[in-house]
Amino acid sequence: MRTGYFYSLIFAFLTSASIAAIAAPVAPAETPNAPLVMDAAAPSQSAKVDLNAADAAALQKELAGVGEAKAKAIVTYRETNGPFSSVDELLEVKGIGKAILDRNRDKLEVN
């Protein structure tokens with residue numbers, strides 16, 4: 001008798017839980033309307049970097065593959081040898097190779 005009573009309680013509990021789950025209102029999934037976030041490290045597409053005027057921080061920020069050490073090397077080269085006469089002269093800077101120059105050529109200018 002006890003097991004029959006126990007099974008009746010279990011059945012009633014599961015049935016009520018099932019009905020509650022089915023009858024619960026379904027909230028539509030909300031899609032967030034947050035604006036797309038741009039990568040903070042992405043270089044600006046419109047402005048070019050002047051090799052003769054940019055400081056080390058600007059060079060590091062705007063040029064791909066140029067970290068703090070290479071940016072300082074560019075500034076040191078400019079201070080030692082005078083202003084750059086062409087973008088290709090950047091190859092003379094220690095640590096700057098053809099791959100880095102080609103990757104950044106469209107972002108560079110010499111004024």
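Because the model is predicted, local features are described only where pLDDT is at least 70 and side-chain atom pairs only at pLDDT 80 or more, while totals for chains, interfaces and linings use all residues. Residues are numbered from 1 along each chain as its sequence is written, and side-chain values use heavy atoms, with hydrogens and water left out. The predictor's confidence in each residue, called pLDDT, runs from 0 to 100; its mean over the protein chain is 84, and 78% of the residues reach 70 or more. Where pLDDT is low, the predicted coordinates should not be read in detail.

The protein chain has 4 helices and 2 strands, where helices (H or I, at least four residues) and strands (E, at least two) are DSSP runs numbered from the N terminus. From that end on, the elements follow the order α-β-α-α-α-β. Contact here means heavy atoms within 4.5 Å, and among contacts in the protein chain between residues at least 6 apart in sequence, 47% join residues at least 24 apart.

Of the 111 residues, 23% count as buried, a word that stands for under 20% relative accessible area, with exposed meaning over 50% and partly exposed in between (1.4 Å probe, protein chains only). In soluble globular proteins, nonpolar side chains tend to be buried together. A nonpolar core is a set of buried Ala, Val, Leu, Ile, Met, Phe, Trp, Tyr and Cys residues joined through side-chain atoms within 4.5 Å. The largest such core has 18 residues, and those with the most contacts inside it are Leu59, Ile74, Leu90 and Leu108. The elements that give two or more residues to this core are helix H3 (68–81) and H4, and H3 gives the most, with 4 residues. Leaving aside neighbours within four places in sequence, Leu108 is in contact with Lys48, Val49, Leu51, Leu63, Val87, Leu90 and Leu101.

Asn104 lies in helix H4 (residues 98–104) and counts as buried because its relative accessibility is 1%. Not counting residues up to four places away in sequence, Asn104 touches Leu63 and Ala64.

At 48% relative accessibility, Phe6 counts as partly exposed.

Side chains of opposite charge can pair when their charged atoms come close. A salt bridge is a side-chain nitrogen of Lys or Arg within 4 Å of a carboxyl oxygen of Asp or Glu, and by this rule the count comes to 4. In one of them the side chains of Arg105 and Asp88 meet at 2.8 Å, N to O; Arg105 lies in the loop between H4 and strand S2 (108–109) and Asp88 in the loop between H3 and H4, so the pair ties together parts that are 17 residues apart in sequence. Lys98 forms a salt bridge with Asp102, their closest N and O atoms being 3.3 Å apart, and both residues lie in helix H4, 4 residues apart, about one turn of the helix. Lys98 counts as exposed at 55% relative accessibility, whereas Asp102 is partly exposed at 39%. Asp102 also forms a salt bridge with Arg105, at 3.6 Å between the closest N and O atoms, and Asp88, Lys98, Asp102 and Arg105 are linked in a network of salt bridges.
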